[in-house]
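Biologist: Please take a close look at one part of this protein, the stretches that its database record annotates, and describe how they are built and what surrounds them.

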Amino acid sequence: MAALKITFLVLIVLTSILLALTVLMHKGKGGGVSDMFGGGISSSAGSSGVAERNLNRITLGVLIVWVVVIVGYGLMQKWVF
């Protein structure tokens with residue numbers, strides 16, 4: 001059971017970092033956190049509609065994995081102890 005707990009914790013940390021990075025990569029709408037950290041580097045880099053849609057899909061996929069792992073970890077904690 002300890003290996004499963006460690007696996008969940010590693011997945012939570014990795015997906016949290018990946019989720020934060022994908023959110024910051026989105027095209028800024030002006031003056032937000034993404035612009036502060038360099039998300040709005042140039043208008044030509046993030047101007048592609050296809051790239052933005054793919055980034056949205058990746059972000060949503062990472063978010064779903066993140067939520068499932070957190071709920072799974074919570075259920076495991078509830079049933080084990």
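Modeller: The UniProt annotation "transmembrane region", taken from an unreviewed entry, covers residues 6-26 and 58-76. The model discussed here is predicted. In that model, residues 6-26 are 95% helix and 0% strand, and the C-alpha atoms at the ends of the span lie 31 Å apart. Residues 58-76 are 100% helix and 0% strand, with end C-alpha atoms 27 Å apart.

The chain as a whole has three helices and zero strands, in the order α-α-α from the N terminus. Helix α1 comprises residues 2-25; at 1.5 Å a residue, its 24 residues should span 34 Å, and the 35 Å between its end C-alpha atoms therefore agrees with expectation. Within α1, the residues Phe8, Ile12, Thr15, Leu19 and Thr22 are buried. An α-helix has 3.6 residues a turn, so residues three or four places apart point the same way. The buried residues of α1 pack against α3.

Helix α3 covers residues 49-80 and contains Val67. Val67 counts as partly exposed because its relative accessibility is 38%, between the limits of 20% and 50%. Val67 also belongs to a nonpolar surface patch, together with Leu60, Leu63, Ile64, Val68, Val71, Leu75 and Trp79. The accessible area of this patch is about 770 Å² in total.

For the whole chain, 17% of the 81 residues count as buried. Among contacts between residues at least 6 apart in sequence, 75% join residues at least 24 apart.

Definitions and conventions: Residues numbered from 1 in each chain as written. Predicted model: local features only at pLDDT ≥ 70, side-chain atom pairs only at ≥ 80, totals over all residues. Heavy atoms only, no water. UniProt positions renumbered as here; feature names shortened; annotations may be inferred. Helix = DSSP H or I, 4+ residues; strand = E, 2+ residues; numbered from the N terminus. Patch = residues over 30% accessible without salt bridge, like charges linked within 9 Å, V, L, I, M, F, W, Y side chains within 5 Å. Areas by Shrake-Rupley, 256 points an atom, 1.4 Å probe, with all protein chains shown as cover. Salt bridge = Lys/Arg side-chain N within 4 Å of Asp/Glu carboxyl O. Buried < 20%, exposed > 50% of the residue type's maximum accessible area, 1.4 Å probe, protein only. Expected span 1.5 Å × (residues − 1). Contact = heavy atoms within 4.5 Å.
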